[in-house]
Amino acid sequence: MTCEQCREFLSAYLTGDLTPAEQEAVRAHLAGGCPECAGALVEAQAAFAMVGLSLEPLAPPARARDRLMAWVRATQPRGGGLPISPASPAAAGGAERRDGGKPWRGALAVAACLALVAGAGWHMLQRGQHAQEITTLQRGLAVRDARLAQLQSLVTTSQLSLIALGGQEAQPEASGRVFWDKENSRWHVFIFDMKPPPPGKEYELWFVTAQEKKVPAGTFGVDADGRAELIVQVPPDLGPLALAAITDEPLGGVPQPTGAFQLIGKIE
Amino acid sequence: MEVLYNRHSAVVFALCARIVGDKAEAEDVLIDVFSQIWTRGGQFDPARGAPLTYILTVARSRALDHRRSRRARDAMSLDAASDSGVNAAVTDHASSDEPVARLVASEEAHRVRAALAQLEPAQRRAIEMSFFDGLSHAQIAAQLDRPLGTIKTVIRQGLIRLRESIRIHREGGAET
C-alpha cells in the first residue's frame, strides 16, 4: 500500500468502515514505520475526537465524583504539589583608576606643565567615564528602589489575596502567582517555567468576571528561564472576578481571547 | 485522578449524555470512562496523540457500547434530554463545577463548533452521524439516501478540512 492509498483510507480506518483486508493493509503500512502516515493518523484521530468537543460542557452530578474517588481510593493512593521561586533583577558595575604626574625644574617645567595638562586631561577623561558609571549605577539603584517600594507596598497592604495559576494542557509545567493588592487595586503577577510564546505571538493576561466576561489586562513575554513579572491595575468597574487567565495572542494583544489558555487561576 | 476528572468531566459527561441520551445512564458511563482511564492509563502512548484525544475516544467508545447494549430503551434526542433533565445537571450542580475547566472547555467548544460550521452541511452531518451515533458509512448512506462512495468521500474530505481548521487555529491563524 502506498502512502497516498493509506491516507485515502485513514478516515474509514478510524470509523471501522474498511473491509478486513483494507484494515490489515493500513495496519501493516503503519506498522512498517511510515512517519508521515503515522502523523496523518494522529491528526485524523485528533480531528475526529474533537467533534466531541463541539458540545457545551455539562457538569455531572457531584455524586459521580464521590463514587469515582471512593473507587480510586479503594484501589490506589494519589498526591500533588506546586513549586514556587521568585526572580529578581540585578545590577553591577566596576571602576578603575589611574593617576600620574611629576614635578621638574627649569626647562623641564614646560614638560612638567605639559605633563600636568596631559594628566589633568587624562583625569578629566577618567572623571567623565566615572560619571557615566555612576549614572548607570544610580539608574540601577533607582530601578531597585522602585522594585523594593512595590514589594514593600505588596507585603504591607491590608488587603491581600493570592491567586494560584495552574498550567493548562498547552503548558502543564508552567505555574504562577497573582498577589492581588485590593487596597491599591493592583495585581502583582509572577510567572514560572513558561515556554516562550510562538513567533509572532505574546502572552496576554485576562480578568475574567463572574459573568465570564474577559477583560484584557496586558501582554508580556518570558525571559530565558521562563519567568515573567508584571504589575497591572485592576479596573474599578469590573464587578466580581472569578478567574485570572493567560492566553497566547498576536503581538500587541487582542480585545477578546483567541488563543489557547496557558495558565488559569480560580479566585476564591 | 481528581485533577483529570475536574479538568475533563464536564466535556466527557456532555459527550456521554449526547450519545446515551439519558442523564442517569450518562453518569454511569462517565464513571466507567474514568475508571477505565485510571486502570489502563499506562497504555496511553503520547506519540499516538494528545491525552484529550485518548479520553474522548474512550468516552465515545464506552458510550456507544452502552447505547448498543441498551437498544431496547426509547432513544431520547439531545434536545429532548436537554428539556427533560440533562441541563438540570448544570443548574442543580453549577456550584460544584470546576470553573477553570468549564471556561477552557467552553472556549474550545466554541472553536470546534466554528470549525465544524466551516464544513459543507453534508460533511458536517455525515461526520456527526458517524461520531455521535456510531453509524457505519453504509448506514449513513442509507439514512441520507446517498451513494456509499459519496459518503466515504464526504467524511474523508470533511475530516481533512476539520483537521486543517484546528491546525490553523493552533498555529495562530484567524478564525472565520
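Predicted model: local features only at pLDDT ≥ 70, side-chain atom pairs only at ≥ 80, totals over all residues.
We can start with the interface as a whole. Putting chain B and chain A together buries about 5,900 Å², and 65% of that sits on carbon and sulfur atoms. Chain B brings 70 residues to the contact, and chain A brings 55 residues. On the chain B side, the residues that lose the most area to chain A are Trp38(B), Leu103(B) and Arg163(B), which together account for 11% of what that side buries. Side chains of opposite charge can pair when their charged atoms come close. Between chain B and chain A the count is seven salt bridges, while over all chains it comes to 16 salt bridges.

From H4(A), the contact draws on Arg63(A), Ala64(A), Arg67(A), Leu68(A), Trp71(A), Val72(A) and Thr75(A). H2(B) answers with Glu27(B), Asp28(B), Leu30(B), Ile31(B), Phe34(B), Ser35(B), Trp38(B) and Thr39(B). Sorted by type, the residues of this contact come out as eight nonpolar, three polar and four charged. Two of the residues in the contact, Arg67(A) and Asp28(B), also form a salt bridge, with their closest N and O atoms 3.3 Å apart. Trp38(B) turns up in this contact as well, and Trp38(B) is among the chain B residues that lose the most area to chain A.

Moving inside chain A, there is another salt bridge to look at. Arg7(A) pairs with Glu36(A), and the closest N and O atoms are 3.1 Å apart. This pair ties together distant parts of the chain, 29 residues apart: Arg7(A) lies in helix H1 (residues 3-15) of chain A and Glu36(A) in helix H3 (residues 35-50) of chain A. The two helices pack at an angle of about 30 degrees, with their axes 10 Å apart. That angle makes H1(A) roughly parallel to H3(A). H1(A) passes H3(A) in a right-handed crossing. On the H1(A) side, the residues involved are Cys3(A), Cys6(A), Arg7(A), Leu10(A), Tyr13(A), Leu14(A) and Thr15(A). They meet Glu36(A), Cys37(A), Ala40(A), Leu41(A), Ala44(A), Gln45(A) and Phe48(A) in H3(A).

Helix H7 (residues 121-133) of chain B and helix H8 (residues 137-144) of chain B pack at an angle of about 130 degrees, with their axes 10 Å apart. That angle makes H7(B) oblique to H8(B). The crossing of H7(B) past H8(B) is right-handed. H7(B) makes the contact through Arg125(B), Ala126(B), Met129(B) and Ser130(B), and H8(B) through Ile140(B), Gln143(B) and Leu144(B). These residues divide into four nonpolar, two polar and one charged.

Definitions and conventions. Residues numbered from 1 in each chain as written. Chains lettered and ligands numbered in written order. Heavy atoms only, no water. Axes fitted to C-alpha atoms, helices over the stretch in contact; angles between N-to-C directions. Helix = DSSP H or I, 4+ residues; strand = E, 2+ residues; numbered from the N terminus. Parallel < 35°, antiparallel > 145°, perpendicular 65-115°, else oblique. Left-handed = near helix turned anticlockwise from the far one by under 90°. Contact = heavy atoms within 4.5 Å. Nonpolar A, V, L, I, M, F, W, Y, C, P; charged D, E, K, R; others polar. Buried area = accessible area lost by both parts, 1.4 Å probe. Salt bridge = Lys/Arg side-chain N within 4 Å of Asp/Glu carboxyl O.
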